[in-house]
Amino acid sequence: MSQNHFTLRFPLNMREDAKALAEQLPPLMPGLFQAADTIGTIHSSRFTILDEKTLLFLGDFDGEFGELMADLAKLAGPVFDAIFQHVDDPPATPVANNANAFVEWTAKHLLQAATLFSAYPDVTVKVIKALATAAGVTGGGKQLPFLVILPIKSSLAYIEVQLLLRARSHKTQKDLAMVGTPHFAQFVPLGKNRVGFFTVYDGSFDEYIADFTKYIGQVFDLIFKFTKTLRPHHAESISRSY
């Protein structure tokens, strides 16, 4: 599988920092998008505020994590310089001049997924772009993120959910393939008894949810036995797909 996924956790200093980043990040995204286009290995990426003290950065990419982080440090350093002003115990800045420190910091703050899915696991960004160009595809469609945070009842239930997700990972991947519209999907344990379900998909939301419920409702039926009675939180994100 040439493709990989990352979920990076940025621990914020204070509640006010989450609000500040929600305002500061959107104007910085063109710089990040340009860097990602130059790097040429990122399929999709998005920032999302998990809670008042946590920012997440998610991405689907080709190759090795350390190499990608080094490239982002060199080409998108100002984006992360702005973020680290709000982060507890950040690495040395400016990031562009301290790439090794940035790579080490991100490796320590990387969250491991319990389930990973890709609709085309062996196809790189470069191949996809080449095929699209050859076929005359001009990007008329649109890929959208769907991010859901599931609150788990207890620490013990949190462990049980992780074991369940890892045990049925292959079945979940097959079910997601049957839906037909997800490009990527991950179940990621987020700490504090929370599990994130993050996807990138095509088409209308209503059709996606209908197909999703039909083919992958079973895994959520299992997870909901361990979740609180509160409604799952649908996280907003700043995203880009390639």
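**Exercise 1. Aromatic pairs**

Task: How many aromatic pairs does the structure hold, and how is the pair of Phe10 and Trp105 arranged?

Solution. 
- Start with the count. The structure holds 22 aromatic pairs. The model is a predicted one.
- Next, recall the description. A pair of aromatic rings is described by the distance of the centres and the angle of the planes.
- Take Phe10 and Trp105. Their ring centres are 5.3 Å apart, and the planes make an angle of 35 degrees.
- Classify the pair. Planes under 30 degrees apart count as stacked and over 60 as edge-to-face. The pair of Phe10 and Trp105 is therefore tilted.
- Phe10 sits in strand 1 and Trp105 in helix 4. They are 95 residues apart, and the pair links distant parts of the chain.

**Exercise 2. Burial of the two rings**

Task: Are Phe10 and Trp105 buried or exposed?

Solution. 
- Set the cut-off. Buried means under 20% relative accessible area.
- Phe10 has 0% relative accessibility, so Phe10 counts as buried.
- Trp105 has a relative accessible area of 7%, so Trp105 is buried.

**Exercise 3. The largest nonpolar core**

Task: Which residues have the most contacts inside the largest nonpolar core, and which elements supply the core?

Solution. 
- Get the core's extent. The largest nonpolar core has 33 residues.
- Pick out the residues with the most contacts inside it: Phe10, Phe47, Phe57, Leu72, Phe80 and Ile83.
- List the suppliers. Strands 1, 2 and 3 and helices 1, 2, 3 and 4 each give this core at least two residues.
- Find the largest share. Helix 1 provides 9 residues of this core.
- Zoom in on Leu72. Beyond four places in sequence, Leu72 touches Leu32, Ile39, Ile42, Phe57, Gly77 and Phe80.
- Look elsewhere. A second, separate core has 24 residues, including Phe146, Leu164, Val179 and Phe187.
- Return to the rings. One aromatic cluster is formed by Phe6, Phe10, Phe47, Phe57, Phe61, Phe65, Phe80, Phe84, Phe102 and Trp105.

**Exercise 4. Helix 7 against helix 8**

Task: At what angle do helix 7 and helix 8 pack, and which residues meet?

Solution. 
- Recall the two values needed. Two packed helices are described by the angle between their axes and the distance between the axes.
- Read them off. Helix 7 (residues 169-179) and helix 8 pack at about 160 degrees, with axes 9 Å apart.
- Classify the angle. Angles over 145 degrees count as roughly antiparallel, so helix 7 is roughly antiparallel to helix 8.
- The crossing of helix 7 and helix 8 is right-handed.
- Name the contacts. From helix 7 come Lys171, Thr172, Asp175, Leu176, Met178 and Val179. They meet Tyr208, Asp211, Phe212, Tyr215, Ile216, Gln218 and Val219 in helix 8.

Technical notes:
Residues numbered from 1 in each chain as written. Predicted model: local features only at pLDDT ≥ 70, side-chain atom pairs only at ≥ 80, totals over all residues. Heavy atoms only, no water. Core = buried A, V, L, I, M, F, W, Y, C linked by side-chain atoms within 4.5 Å. Buried < 20%, exposed > 50% of the residue type's maximum accessible area, 1.4 Å probe, protein only. Helix = DSSP H or I, 4+ residues; strand = E, 2+ residues; numbered from the N terminus. Contact = heavy atoms within 4.5 Å. Phe/Tyr/Trp six-rings, centres within 6.5 Å; stacked < 30°, edge-to-face > 60°. Axes fitted to C-alpha atoms, helices over the stretch in contact; angles between N-to-C directions. Parallel < 35°, antiparallel > 145°, perpendicular 65-115°, else oblique. Left-handed = near helix turned anticlockwise from the far one by under 90°.
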